[in-house]
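Hi everyone, thanks for making time.

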Amino acid sequence: MDWLFLIEVVLSGLGSGALFALTGIAFVLIYKATKVINLAVGEMLMLCAYFFFGLTTALALPVWLAIILTVIGGGILGGVVERALIRPMLGESPISVFMVTVGLSSVLIGFVELVWGGDPRTLPNFLPTKPVFIGDAYVSPKIAVCFLVASLLIAGFLLVFRKWRGGVALRATAADQGAAFSCGINVPAVFSISWIVAGMATAGSGILIGSIGGISPSMGVFGLTVLVAVIVGGLDSIAGVLVAGLAIGVIEALVGTYLGGEFKLFVTFVTLIIAMMIRPYGLFGTIEIERL
Amino acid sequence: MIIFPTRRKLLSYAAAGCLALGIQTSARAADDIVIGASMPLTGAFGFAGIPLNLGIQDYLKIANDAGGIGGRKIKYVSEDTAYAVDKSIAAFNRITASEKVSLYYGDSTGFAKTINAELSRRDSILMAGTSFATELNDPKNFPYQFIPGPDYSQMIGILLEYIAKTTPGAKIALVNSDTEFGRDPIAATEKRAAELGLKIVGKIATPPTSVDVSTEVLKLRRADPDYTIFHGYVLAPLPEFMTQMKQLGLKSKFMGTFWSMDNSIWANSAAVADGYMGVMPYRYYFDTEGTSPTLDKIRQLRPEYQTIYYTQGFLTAMLMIEAAKRTLDAKKDLTASNMKASLNSIKDFDTGGIIGVPISISGNTIPVGRVYQYDGANKTMKPVSDWIKIAK
Amino acid sequence: MRISSAHETYAQAESFLDTNVQRVMLLLLFAGLVVFPFLADQYWIYLACLVAIHIVGTTGLNILTGYTGLISVGQAAFMSVGAYTVAILEIHVGTPFIFNLIAAGVVAAGVGAIFGVPSLRVKGLYLAIATIAASFILHFLYTNGPSILGGTQGLSMPPARLFGYDFVRPFQLYWLFVPLTALSVFAAANLFRTRIGRAFIAIRDRDISAEVLGIPLLKYKLLSFALSSFYAGVAGGMWAYFFRVVTPESFPLIYSIFFLAAVIVGGMGTILGGILGAIFMTVIPELLKLLVSYMTFIPDATAQLSPIRTIVFGLLIVMFLLFEPQGLAETWRRIRRFFHLWPFKK
């Protein structure tokens, strides 16, 4: 048994798990506030990555400015989608809203193909390229950065939800929209803000994922593995998405190493089914209690 | 009962509308030779579909300006398929319903396999397409199809030949995407490597959704190959593999196959791609070595760089027209079997410089190619081997 | 104008077609379906066959999602089970066409029931994601499973054969598919006049209440999954006979989403909705393509405007959900109502 190798594999699994967790935040925020599973998260992420690409190459902006602008752009995208597509669907069956996001992803893909074409591209490299060693164990520098960004962000979100009034408002809305509204919480504003913040999160993860894996109109499929992590963790739990994201990352890394890459998705989805049989609403998700 | 006639009328309008749509045929000259195409202009393969389409159009324009085939004009009808098999077949049906199609360009291995029975039944259409799948290189089961280059196994065969010559007994790692496309050449590669005395030290499959490759890199680090051969990708995740493996100081050289060998896709990651090698059956747009009248013509027609996907379309059209021309010159009917026989009669044919050596098509492929290496400083692919012919 | 339809017996009140107008319309529809292949060219017959396959698949999903309220994104995966069953039976056993299709349905029903097990614990969108798993787990089994499944290359199979006659071209298959589709739609419509169908509806409307009323949830939820997958299996079998090459990549996740979209755009919980949705989702992309090909005034329209088609198609789905949340079936009802009230309400 090569222990160093095992440690390295686990570390890299944690790193890619952080990517899941980071993108997963968008799913959770949106679900918490508006009870919508946004299947277009992958495509929003793609659009943001292309936006970043456009800013850094066509306009030749410095990277830090492009990152800020992309995050703002992601926020605007989230806000516009909420206001134009999701708000009018309020009260419709969740599956109809789910389908609206499917339609949206088709629109976003078409838009990107129209503006940037279908060619796969790479983002300018701004992340450090010097290998990181923890002890003797190698960690990819990009992955290390992703891990740091994801854990900082998630810690920040957790703090915000506990302390800040807006975070409390979000939790109140998630618990009971009617009650929250009668307590004077501006529920529609909570809807908008959570979509805007989710948009910003997709922008951030879009830049990171694009700079690791390159960008193409079909990069949105990444959203799917993330969705698994989110479901396992619980659709409405920020802490859950972190734990589940990291767990899925490590499981995939171990499976990919010791069984082979073709087993990765298979084991991921088997994990999903098992997790759902044991904890139907995820590890940390709120159990929906039904009354007659 | 006033309503009845009205409703009937409505129905009859609807029926008439359906008929009008169904029966509409476009006007055409009776003796045009028609090339149909299911083109992946959108979807996962859109990056190649658009230049492919352009390449075919450009060659046909040149051919038509030169008088077509024995005075008969060539007409090109293409339709977008979004790279989905059912839509490709819909396009095939629509185009063949309104035109008398003799030649066809298909957009995927799935389409080539699905339409094969129909091609055999019709015996009127000769087909080629985007797919270099090993499975299609089988004149018995795919009698009316051809591949305008080596198939994927032959491509890797060419790379192995090159490796065996430059580094005998080298250690090789195979990285393939876990798709039909990616897994295509694995079995043939293992067999050929053993014959050439090369050692396969690692086989890695990556699922199509994966982004991060650091786990795979860890495995490659332990295997420490002399060559890492990627297949089943276009661009991602090759740059990330190469970046990380270079960071770790691995001495491995990197190789790829046709779809990841275009010059332009590497322009943004030139530093990383420096030294990347791969097999290419065609000469690049900017290749001025020797005389190449066809490349000159392309450069004259299109002053800006054209991808190798464009070249693939261009050459495919050239071979199709050549097959049709030889058939008509021999005073035979344009049936698929006659055209395929004519195609197979191509011996030491000069493509005008698209392929650097005269070609012969004995079966379904042109088993020839050359190893190129990317020069990051000049952002161009440079040949590092001579043209390598593979014996089947 | 439709004044009244007085029923004299219960049988009459429960009958499918309660007026002569409806009967005449149905006859006209049948006549149209018979005449259609002789008038249309092979492209439209091809589309008609594809629509027939999709109607079976959508109707199946409608039983599960529209009538039982269980959302599934696994319909294409269950179709693939049917397609593989048919291909293996055709290649290795050579059993007759109808038997193969039924076998496809039965096998798919079994697999569907297995993947339906999480529905006992989770509902709604959680369940939807659980059914995505079917897609990936089955794909893995096809590529890495026993060699009888053909690995990544899949299986190529001989055509359907009936009384020594090969069904190869869409024109020939049309005569098999359309009656089959009509039969399955008719069966589905009848299902909701039985005890089982009504139990499904009760579960959809409030599953806890249904259980209180004495409907065993376990049995009926799995039954709904099995029935829905039976339809998917038959549709997959038809698909296999239609294309005759079955590969692991023939039934991607996006195809499952296609079916879900068809159910929702058509109108959940109505048989008509399933039919209209399948037609809409299959034909609209082709019509958009037709539209683009008429725009000859734009140079190289096919290449330039292709991404716009993707956008328009997505927008159409979104717009439908925004402005016609009940689906196409509701539009249809509105048109009918207009004619029923015609001279009185203008």
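Let's start with chain B, which has 13 helices and twelve strands; helices here are DSSP runs of H or I with at least four residues, strands are E runs of at least two, and both are numbered from the N terminus. Chain B has a radius of gyration of 23 Å, close to the 21 Å from the globule rule for 392 residues, so it's as compact as a globular protein of that length. That radius is taken over C-alpha atoms, and the rule is 2.2 Å times the number of residues to the power 0.38. Its C-alpha trace spans about 85 × 55 × 40 Å along the principal axes.

Quick housekeeping: this is a predicted model, where local features need pLDDT of at least 70, side-chain atom pairs count only at pLDDT 80 or more, and totals for chains, interfaces and linings use all residues. Residues are numbered from 1 along each chain as its sequence is written, while chains are lettered from A and ligands numbered from 1 in the order in which they are written.

Back to chain B: 58% of its 392 residues count as buried. Buried means 20 or more other C-beta atoms within 10 Å of the residue's own, with 12 or fewer being exposed, anything in between partly exposed, and C-beta atoms placed from the backbone.

Now, where do chains C and A meet? The contact takes 33 residues from chain C and 36 residues from chain A, and two residues are in contact if their C-beta atoms, placed from the backbone, lie within 7 Å. On the chain C side, helix 6 (124–144), helix 9 (207–212), helix 11 (253–266) and helix 13 (301–323) each supply at least two residues.

On to helix 9 of chain A, residues 222–233. How many of its twelve residues are buried? Twelve of the twelve, so this helix is largely enclosed by the rest of the structure. Its buried residues pack against several helices of chain A, including helix 1 (3–34) and helix 2 (41–57), together with helix 6 of chain C. Just after helix 9 of chain A, G234(A) takes a positive phi of about 110°.

Last stop, C49(C). Leaving aside neighbours within four places in sequence, C49(C) is in contact with P170(C), L173(C), Y174(C), F177(C) and F242(C).
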